[in-house]
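Please look at the sequence and the structure below, and keep both at hand while reading.

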Amino acid sequence: MNSTESVLNKPKSAVRRMVNVLFAVVLMLLGPALMITSYQQVDADEELARTGVHVAGTITYFSDARKASNRDITVEYVAADGVNRYANAPVDHEQHPSVGEQVTVSYREQQPDHAVVLGYGSTSEFLGGVGLILTAVFTASGLALIVSGLRRRRRDTASGGSGH
């Protein structure tokens, strides 16, 4: 056996295996954590839409990009304190807003900068999509690694642990 083979067949230390397992678990939990955070933020935005102060706003910018995650609007509104503020919202491909169009904005009375544009999506929805993708990718990868590790262990046990 040459030195390259001995390095490749050298068993991993228990500490290294534990670090690898912990890293895999963290990656597998990252997706669900992002999804939960996104759902909580979307719920908070829906609550703000129901209970916030509703005012008229004007669309000042519309990005009509092909990529769904880049389609958004910027809306200018005036809060009760008389200050002009801006809110952003993602736009579905079925929606066709135009600059100058009037929309309704709902903001928190105590935090007038925290606002949602009614009839448009929540900026937090993107985070949920990313979480879903990460969950699928890392769960599939993790399961594949577990299965391959079990097969390797079974093969090594059957061959008497020699690794050939």
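This is a predicted model: local features need pLDDT of at least 70, side-chain atom pairs count only at pLDDT 80 or more; totals for chains, interfaces and linings use all residues.

Ser63 stands opposite Asp72 in strand β2. Strand β1 covers residues 53–63 and strand β2 covers residues 72–78; they pair in the antiparallel sense, over six bridges. Between β1 and β2 there is a loop, and Arg71 lies in it.

Strand β2 has a further partner, strand β3, made of residues 84–90. The pairing of β2 and β3 is again described as antiparallel, over seven bridges. Within it, Ile73 stands opposite Ala89 in β3. How many residues lie between β2 and β3 in the hairpin that they form? There are five, and Gly82, which is in the turn, has a positive phi of about 85°. As a rule, side chains in a regular strand alternate between the two faces of the sheet.

The ring centres of Tyr77 and Tyr107 are 5.9 Å apart and the ring planes are at 25°, so the pair is stacked. The cut-off for this word is an angle under 30 degrees between the planes. Because Tyr77 lies in β2 and Tyr107 in strand β4 (residues 102–107), the pair ties together parts that are 30 residues apart in sequence. Tyr77 and Tyr107 are both buried.

A polar atom of the Arg71 side chain lies 2.8 Å from the backbone oxygen of Gln95.

Val25 belongs to a nonpolar patch on the surface, together with Met18, Val21, Leu22 and Leu29. Together these residues have about 460 Å² of accessible area.

Leu145 is found in helix α3, which runs over residues 125–158. With a relative accessible area of 59%, Leu145 is exposed. How far apart in space are Leu145 and Ala24, C-alpha to C-alpha? The distance is 9.5 Å, while in sequence Leu145 and Ala24 are 121 residues apart.

Technical notes. Residues are numbered from 1 along each chain as its sequence is written. Side-chain values use heavy atoms; hydrogens and water are left out. Two strands pair if DSSP finds at least two bridges between them. Helices (H or I, at least four residues) and strands (E, at least two) are DSSP runs, numbered from the N terminus. Rings of Phe, Tyr and Trp (its six-membered ring) pair if their centres lie within 6.5 Å; planes under 30 degrees apart count as stacked, over 60 as edge-to-face and the rest as tilted. Buried means under 20% relative accessible area, exposed over 50%, partly exposed in between (1.4 Å probe, protein chains only). Patches are made of residues with over 30% relative accessible area and no salt bridge: like charges are joined within 9 Å, nonpolar side chains (Val, Leu, Ile, Met, Phe, Trp, Tyr) within 5 Å. Accessible areas come from the Shrake-Rupley method with a 1.4 Å probe; for residues, only the protein chains shown count as cover. A salt bridge is a side-chain nitrogen of Lys or Arg within 4 Å of a carboxyl oxygen of Asp or Glu. A polar contact is a pair of N or O atoms within 3.5 Å; within protein, one must be able to donate a hydrogen and the other to accept it, and residues adjacent in sequence count only if both atoms are side-chain atoms.
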